[in-house]
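Trainee: I would like to learn how to read the contacts between charged side chains, and then the strand pairing. Please take one feature at a time.

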Amino acid sequence: YVTRLGNRAIDLTPKEFALLSLLVRHPGRGFSRAYLLDEIWGYEAAAYDRTVDTHIYRLRQKLGAEGRIAQRIVAVRGIGYKFERG
């Protein structure tokens, strides 16, 4: 999927797009890794929670030039991730 931030096109994988879309639609709400695995990947397994971390990392890297967006995807200690309100 290609999404746009300002004048820049960013090529996202389908999972990255789904993850970003879910987080942005619910600003301020923390999502557990287990929930994200189930919702985005369709399975629930604690052994795969690094999958979420890896995708968040890659998503932040791709959004890096637009730091204000990348920095709003934050880890919530003991929970998972959220998108902070701007």
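Trainee: Is Asp53 buried or exposed?

Mentor: Buried means under 20% relative accessible area, exposed means over 50%, and partly exposed is in between, with a 1.4 Å probe and protein chains only. Asp53 has 11% relative accessibility, so Asp53 counts as buried. This is a predicted model, in which local features need pLDDT of at least 70, side-chain atom pairs count only at pLDDT 80 or more, and totals for chains, interfaces and linings use all residues. Residues are numbered from 1 along each chain as its sequence is written, and side-chain values use heavy atoms, with hydrogens and water left out.

Trainee: Which side chain meets that of Asp53 in a salt bridge at 2.8 Å?

Mentor: A salt bridge is a side-chain nitrogen of Lys or Arg within 4 Å of a carboxyl oxygen of Asp or Glu. Here Arg33 is the partner of Asp53, at 2.8 Å from N to O. Helices (H or I, at least four residues) and strands (E, at least two) are DSSP runs, numbered from the N terminus. Asp53 lies in helix α3 and Arg33 in helix α2 (residues 33-41), so this pair ties together parts that are 20 residues apart in sequence. Arg33 is partly exposed, at 23% relative accessible area.

Trainee: What does Arg50 do in relation to Asp53?

Mentor: The side chains of Arg50 and Asp53 also form a salt bridge, at 2.4 Å from N to O. Both residues lie in helix α3, 3 residues apart, about one turn of the helix. Arg50 counts as exposed, at 57% relative accessibility. Through shared partners, salt bridges join Arg33, Arg50 and Asp53 into one network.

Trainee: How many salt bridges are there by this rule?

Mentor: The count is 3. One of them links Lys62 and Glu16, at 2.7 Å from N to O. Lys62 is in helix α3 (residues 49-62) and Glu16 in helix α1 (residues 14-25), so the pair ties together parts 46 residues apart in sequence. Glu16 is buried, at 2% relative accessible area, whereas Lys62 is partly exposed, at 29%.

Trainee: Which strands pair with β5?

Mentor: Two strands pair if DSSP finds at least two bridges between them. Strand β4 (residues 73-76) pairs with β5 in the antiparallel sense over 4 bridges, and Val76 stands opposite Gly80 in β5. Strand β3 (residues 31-32) pairs with β5 (residues 80-83), also antiparallel, over 2 bridges. There Ser32 stands opposite Gly80.

Trainee: What lies between β4 and β5?

Mentor: The two strands form a hairpin with 3 residues between them, and Gly78 in the turn has a positive phi of about 80°.
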